[in-house]
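Me: I am new to reading structures, and I would like to go through one with you. Could we take the terms step by step?

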Amino acid sequence: MPARIIKSGTTMDFPGRFIVLLVTAAVFAPGESVYPIGNVFKPEATPAESIYNVSLLMLAICAAIFLVVGGLLLFTIVRFRRHKMDNSREPAQIYGSNRIEIAWTVIPVLIVIVLSMATARAVVEVQNKRMPPDALKATVVGHQWWWEIRYPELGIVTADELHVPQSTLAKPAHTFLKLQSADVAHSFWVPQLSGKVDLIPGITNSMWLDPRRTGIYLGNCAEYCGTQHANMLIRVIVDSPADFEKWAASQKVNASSDPHLEAARAAFLSLNCINCHTVSGTAAAGTFGPDLSHVMSRTTLGAGVLPNTAENLRAWVRDPQAIKRGNLMPNMQLNSRELDQVVTYLASLK
Amino acid sequence: MAATTHIPVGLPETEALSLPSKLHDWLVTVDHKRLGILYIGTALFFFAVAGVLAALMRWQLAYPNSTFLPPEVFNRLFTMHGTTMVFLVGMPFFAGLANYLTPLMIGSRDMAFPRLNAFGYWIFLMGGLLLYFSYIAGEGLAGHGTAPDVGWFAYAPLTERAFSRGTSTDYWILSIILTGIGTTASAINVVATVISMRCKGMTLGRMPLFVWLMLVVSSMVLFILPPLTAGQIMLLLDRYLGAHFFDTQAGGSAVLWQHFFWLFGHPEVYVLMLPGFACASEIIPVFSRKPMFGRAAMIGATIGIGMLSSGVWAHHMFAVGMTTSSNIYFAVASMAVGIPTGIKIFNWLGTMYGGKIRFDTPMLFCIGFLFQFLIAGLTGVMLAVAPFDWQVTDSYFVVAHFHYVLLGGLMFTLFGSLYYWFPKATGKMLNETLGKWHFWLLVIGFHLTFDTLHFAGILGMPRRIYTYAPGRGWEALNLIASIGVIFQAAGVACLVWNIVRTLRKGEPAGNDPWDAWTLEWATTSPPPEYNFAVLPEVRSSRPLWDLKHPEDPDWRYE
């Protein structure tokens, strides 16, 4: 399949792949990568950190129980195994002891009480957060199999990449998300920033983020949503406040209309693309697919299936089904002249 | 009445039948033992099928960007694997054990309703075949020959006609309704049998723990299957008669389906698991040579699990956006289930403590179960911590957790029970060496596969993805997990070979090969059709102990 070749850049033979695997195993959580590694235990925002804190208590308790009970079990099977020399007499027949039963009922009850309190506290911390008046508001709408992202107050519409400002001690910045779905249930999960919240049709859910470090945080749709559930990746891009302003400013303006590309634009607008896609400032106002006004400002195509390069863009427009099988964009059967023009035009939408 | 227990032995069967009449006998049988064997044989067959599906999925996921399977095929595989394991392996295995053993253990000649019993089996089998018939006749987005691809809990509105065209989802719905009818029939039968068919002297207090647990499970089944069946019928109405229960495009509720499903689905986990506990509660005492420690506490804990487990379903839904108080309630209630479950583990431990433990294959599987179920229980407590659940729900952590419960816990005890009661059912001993190979290969494979998958979940790998890009820290873990499958498959192959070999030329077992204490070991192996020539009378919960130790019988202490 061509998808694989374009996606990984190089095709690896089996030994090559195996060596990469060994290296990954050796360095379990390496730092930077094209696909940054998510990790529940490396929180970078307050919700994920609240979860992390209660998780540490929980892990400590569970580890202690495991050591005690597992140790007892091990001791019992070693100590009380039948020896070859044993006589055939049965061991003492013990039927039980109320005192012991009470002890091993009461201790777990106490543990449950402690863990319940910590849990309740973390739930409240994450779920009952009041929205500060200066919070950035964004709406994320799940689609089969991509993310529509809107900033209603900024007038920005984009897809698959959620830009949020970095939060610092000096200047805390919160982003509050409204989560909705256009079709089936999806789930928004970027492990280093927060736990999952589902996107369910007919319901508006919410979550919030205040990431402290700039960078790209990768996540997946975490609720099975049909054929291409696997290729529904979400990137949260945390910008410094200045970079965020710059990005927002570049997204607010209408799509570029380079006078040199008049013919290409006309070709694009004459094709069926406009039934599903929007390009601001033009007649293209479809809402079924991702907004293309600034498509080249995004790092990937097809919700993370390919890096966004001119070459990949061409492959995608030519036959999206060959790259992300079953996705809802049909093969438009463009001839090569149309394809050239559409790709030329799209590549200009920075 | 005399002080000793009367346990007469059955008469040997002498008739030799031709093959067609043998088959005919199996088709028309209403004998609880034959139906039990049919149930267990069918469950083992579907277990093998589901195992092949799982192996294909692990092959696909062994390395990133794999193109071994296209996405729609992969999605069908995990839907069929999950549905098969829950409805066509776990449930019939339970029904089979309950059918085979309950009458023998309570000293009766058959189940209360033998014909209902046969009806239950055949309708269950039809349900199972119907599910797989979809691979030939189902029609879906990808044309003909389409099995269901909506996941085993089939969240709305993915199952509505707008998103799931064709008939594959209908095969799924109808198959589950049919197997549900079979399970209900079997559950009614177990309850009626336990209540009304116990032999003289078999009070509820003296009933073997196995029978107690089957009674609790069967009662639970009667309460939890109706929401599932109702949900399935509502879904059918949505799909064919324009109802809008779950159709969100017409004001239906997606979350309503989740409530219906998990109202069944969570107690179902315990319905699957309690038969495992039931087997362990018979096997561990016999191989430790001690009575069950804290019998009354075990029964109480079982009933406690049964009741508590019906009030915790929404812990599968922490991420759907419930209120703070609902999340906290369901978190605390779910943790509370850990208390009676812990009591059970402690009591098994108490039984082994001070015993003389024999490490025959049934006991090995039970010890494996204890270790693995301890871990499964602890990851279960972790998942009850709602905030942690927000992170790892629908990730490979959850996949690893419930495979620890259902494979490391349930299947281990079921394998143990197979080695334990196979001699009773066939009169022949399974080979111990092969049994130990089965056990150790399965242990190695199981841990290679499922220990690693916990970490994949921690590193952000969601479940049900047909492929993943390299560089996210998942490659090594997935490769190791897939290698584990080879060991697991080799282990199961040992079991199959062991069964085939033993049926052809196994060593005779005798009536009571394990020196056990419950009534099924008092009759011949295999038992005659009428079980006992004269119905026994018991005076304690270990009638055969009383018989073997007239100087120190149990009834003196009860």
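This is a predicted model: local features need pLDDT of at least 70, side-chain atom pairs count only at pLDDT 80 or more; totals for chains, interfaces and linings use all residues.

Me: In which sense do strand β2 of chain A and β3(A) pair, and what makes them count as a pair?

Reply: Strand β2 (residues 146-151) of chain A and β3(A) run antiparallel and share four bridges. Two strands pair if DSSP finds at least two bridges between them, and these two have four, so they count as a pair. As an example of who faces whom, Thr158(A) in β3(A) lies opposite Ile149(A).

Me: What is the order of the sheet with β3, β2 and β1 of chain A?

Reply: The order is β3-β2-β1-β5-β8 in chain A, an open sheet of five strands with mixed pairing.

Me: Why are β3 and β8 of chain A said to stand at the edges?

Reply: β3 (156-159) and β8 (205-209) of chain A each have a single partner strand, so each has one side without a neighbour in the sheet. On average, neighbouring strands here are turned by 25° against each other, direction ignored.

Me: Which strands make up the sheet that holds β10 of chain A?

Reply: That open sheet has five strands in the order β4-β10-β9-β6-β7 of chain A, and its pairing is mixed. Here β4 and β7 (197-199) of chain A are the edge strands: each has a single partner, so one side of each lacks a neighbour in the sheet. In this sheet, neighbouring strands are turned by 25° on average, direction ignored.

Me: What makes the pairing around β10(A) parallel or antiparallel?

Reply: With strand β4 (residues 161-165) of chain A, β10(A) pairs in the parallel sense over five bridges. With strand β9 (residues 215-221) of chain A, β10(A) pairs in the antiparallel sense over six bridges. Another pair to find is Gly219(A) with Ile234(A) in β10(A).

Me: How do you know that strand β10 of chain A is mostly covered?

Reply: A residue is called buried if 20 or more other C-beta atoms lie within 10 Å of its own. In β10 (residues 233-239) of chain A, five of the seven residues are buried, hence the words "mostly covered". There is a helix to look at here too: α5(A) lies across β4 and β10 of chain A, and runs at about 135° to β4(A).

Me: What are the domains of chain A, and how far apart are their centres?

Reply: The domain assignment gives domain 1 (31-81 + 94-251) and domain 2 (259-347). The centres of the two domains of chain A, taken over C-alpha atoms, are 33 Å apart.

Me: How do you know that domain 1 and domain 2 of chain A are in contact?

Reply: Two residues are in contact if their C-beta atoms lie within 7 Å. In chain A, 18 residues of domain 1 are in contact with 15 residues of domain 2. On the side of domain 1 of chain A that touches domain 2, the elements giving two or more residues are β2, β3, β10 and α5 (241-252) of chain A. By class, that side has seven nonpolar, seven polar and four charged residues.

Me: What does the whole of chain A contain, and what share of chain A is buried?

Reply: Chain A has ten helices and twelve strands. Of its 350 residues, 39% count as buried.

Me: And chain B: why does its radius of gyration agree with a compact globule?

Reply: For 558 residues, a compact globule would have a radius of gyration near 24 Å, and chain B has 24 Å, so the two agree. Buried residues make up 64% of chain B, and chain B has 15 helices and four strands.

Me: How many residues does each chain give to the contact between chain A and chain B, and which helix of chain B gives the most?

Reply: Chain B gives 85 residues and chain A gives 88. On the side of chain B that touches chain A, α9(B) gives the most, with 16 residues. By class, that side of chain B has 53 nonpolar, 22 polar and ten charged residues.

Methods
Residues are numbered from 1 along each chain as its sequence is written. Chains are lettered from A and ligands numbered from 1 in the order in which they are written. A residue is buried if 20 or more other C-beta atoms lie within 10 Å of its own, exposed if 12 or fewer, and partly exposed in between; C-beta atoms are placed from the backbone. Axes are lines fitted to C-alpha atoms, for helices over the stretch in contact, and angles run from 0 to 180 degrees between N-to-C directions. The radius of gyration is taken over C-alpha atoms; the globule rule is 2.2 Å times the number of residues to the power 0.38. Ala, Val, Leu, Ile, Met, Phe, Trp, Tyr, Cys and Pro count as nonpolar, Asp, Glu, Lys and Arg as charged, and the others, Gly among them, as polar. Domain bounds come from an automatic or database domain assignment.
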